[in-house]
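I opened the model to look up a few packing details. My notes follow in the order I took them.

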Amino acid sequence: MSVGIYIDLASGRMLEDRIFEQATGRYHSSLARCLAFVKSTFEAQGVHVHTADRLPEPTTSDTHLYISIGNHANYVALSKRPDVVLSAFMVTESPVVEPRIFQDLQRAKHHFKRIFSCIDQAEIPRFAGSPVDCIPLRWPIDFHGVDLPLWSNSERSFLVMVNMNKLPRLTYHELFTERMRAVEFFSRTGDIDLYGIDWDKASRKMGRTWVPWTLRRIQMAFQDRFDKIHPDPLLVAARKVYKGELETKWETLARYDFAICFENVRLKGWLTEKLFECLRTGTIPIYWGATDIAELVPKECFIDMRQFAGYPELYAFLKSLDRQAIRGYRDAGRAFLESQAFEPFSKERFAAIFRDLLEEDAGHRATI
């Protein structure tokens with residue numbers, strides 16, 4: 001009898017085990033690196049870990065744990081297989097980007113043994129239509145402590161933002177446009193540098209759509225043409241301070257004292273890797289996103305955008321900080337990453353979820 005973990009993903013580009021390869025790619029994500037840690041940890045103990053497209057043919061002796069990360073397309077069919085256990089559905093995207101993930105949770109809750117969510121359970125009924133019982137999931141971070149050479153860099157410019165030029169599918173509490181407003185304000189004095197992709201194009205909505213690719217191409221061509229004739233003033237401002245794409249995010253962040261660090265939506269629990277990457281490189285995050293951020297990360301580690309009436313007030317505050325005050329934020333961030341308080345976000349805690357699934361759903365004991 002063999003036991004395996006099979007992970008389904010919303011993006012087909014990450015199947016064929018490519019999600020694990022993304023752990024070392026140019027645009028690797030913290031989630032991808034943590035999934036790669038899960039794979040190496042349990043395969044060393046005889047547990048197969050693959051993407052769901054590599055599920056073997058049905059057997060009567062093997063147990064295959066199926067974990068979907070935002071994919072609703074396949075689990076109904078898999079639920080009929082006696083060798084497959086629908087162990088967990090994980091919500092790791094925000095509702096303003098992928099609203100369909102939340103709309104379909106009412107169906108998913110009747111098939112999966114458990115649902116994990118990076119969004120607080122109290123926020124979900126607005127997007128799912130009614131309550132859904134969820135287990136809190138903290139966005140997994142693959143590193144511990146700071147990158148000392150980057151953190152120690154003392155030659156720093158003032159302010160940076162690293163983001164894609166995208167728009168949300170829903171507007172409720174979204175922060176995509178707020179990022180652009182921040183860039184527009186600081187661009188007036190040239191006090192910000194902007195990095196990321198697609199800032200030379202018209203802004204496009206994120207998330208999946210049922211519009212055929214041919215029509216989408218026509219739509220994008222029209223948007224780019226219209227952008228050249230009547231560009232969005234916010235995009236015009238952004239392009240004035242745009243420095244291009246970047247090779248590595250961490251090295252870029254380490255060249256600045258401060259970073260605009262806005263999530264894509266303001267919701268309880270929605271804290272992704274952005275803030276932690278800033279702390280790792282000694283860059284002070286100007287944060288806006290998780291409404292319960294002060295319960296998750298010590299307030300001494302970041303600057304809370306909600307404390308300011310607007311960008312002029314924020315600007316005055318940033319300019320008033322001396323090197324000692326800046327060092328205080330940086331030291332607090334380092335102390336947090338090296339403390340036990342950071343453990344809920346660690347890759348080991350994330351892997352422990354899969355360890356518990358193995359024991360509870362397959363009777364297989366494993367260690368981290």
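I call a residue buried under 20% relative accessible area, exposed over 50% and partly exposed in between (1.4 Å probe, protein chains only). This is a predicted model, so I keep to its cut-offs: local features need pLDDT of at least 70, side-chain atom pairs count only at pLDDT 80 or more, and totals for chains, interfaces and linings use all residues. Residues are numbered from 1 along each chain as its sequence is written, and side-chain values use heavy atoms, with hydrogens and water left out.

**Entry: Ala-332**

I looked up Ala-332 and found it in helix 15 (residues 323-337). Helices (H or I, at least four residues) and strands (E, at least two) are DSSP runs, numbered from the N terminus. Is Ala-332 buried or exposed? Ala-332 is buried, because its relative accessible area is 19%. I then checked its contacts (heavy atoms within 4.5 Å). Setting aside neighbours within four places in sequence, Ala-332 is in contact with Glu-300 and Cys-301. Phe-302 is 30 residues from Ala-332 along the chain, and their C-alpha atoms are separated by 8.7 Å.

**Entry: Arg-280**

Arg-280 sits in helix 12 (residues 273-281). Arg-280 counts as buried because its relative accessibility is 12%. Which residues does Arg-280 touch, not counting those up to four places away in sequence? I noted Phe-143, Gly-145, Val-146, Asp-147, Trp-151, Trp-250 and Leu-337.

**Entry: helix 2 and helix 16**

Two packed helices are described by the angle between their axes and the distance between the axes. I take axes as lines fitted to C-alpha atoms, for helices over the stretch in contact, with angles from 0 to 180 degrees between N-to-C directions. The axes of helix 2 (residues 30-43) and helix 16 (residues 347-362) come within 9 Å and cross at roughly 50°. Helix 2 is therefore oblique to helix 16. Angles under 35 degrees count as roughly parallel, over 145 as roughly antiparallel, 65 to 115 as roughly perpendicular and the rest as oblique.

From helix 2, I listed Leu-31, Cys-34, Leu-35, Phe-37, Val-38 and Phe-42. They meet Lys-347, Glu-348, Phe-350, Ala-351, Phe-354, Arg-355 and Leu-358 in helix 16. The residues of this contact divide into 10 nonpolar, no polar and 3 charged. Here Ala, Val, Leu, Ile, Met, Phe, Trp, Tyr, Cys and Pro count as nonpolar, Asp, Glu, Lys and Arg as charged, and the others, Gly among them, as polar.

**Entry: helix 8 and helix 14**

Helix 8 (residues 176-187) packs with helix 14 (residues 311-320) at about 60°, their axes 10 Å apart. That angle makes helix 8 oblique to helix 14. Helix 8 brings Glu-178, Arg-181, Ala-182, Phe-185 and Phe-186 to the contact, and helix 14 brings Tyr-311, Pro-312, Leu-314, Tyr-315 and Leu-318. I sorted the residues of this contact into 8 nonpolar, no polar and 2 charged.

**Entry: aromatic pairs**

Rings of Phe, Tyr and Trp (its six-membered ring) pair if their centres lie within 6.5 Å; planes under 30 degrees apart count as stacked, over 60 as edge-to-face and the rest as tilted. How many aromatic pairs does the structure hold? It holds 24. Phe-262 and Trp-288 are edge-to-face, 5.5 Å centre to centre with 90° between the planes. Phe-262 is in strand 11 (residues 256-262) and Trp-288 in strand 12 (residues 284-288), 26 residues apart. Both Phe-262 and Trp-288 are buried.

Phe-350 and Phe-354 also pair edge-to-face, at 5.2 Å centre to centre and 75° between the planes. Both lie in helix 16, 4 residues apart, about one turn of the helix. Phe-158, Phe-185, Phe-186, Phe-258, Tyr-311 and Tyr-315 form one aromatic cluster.
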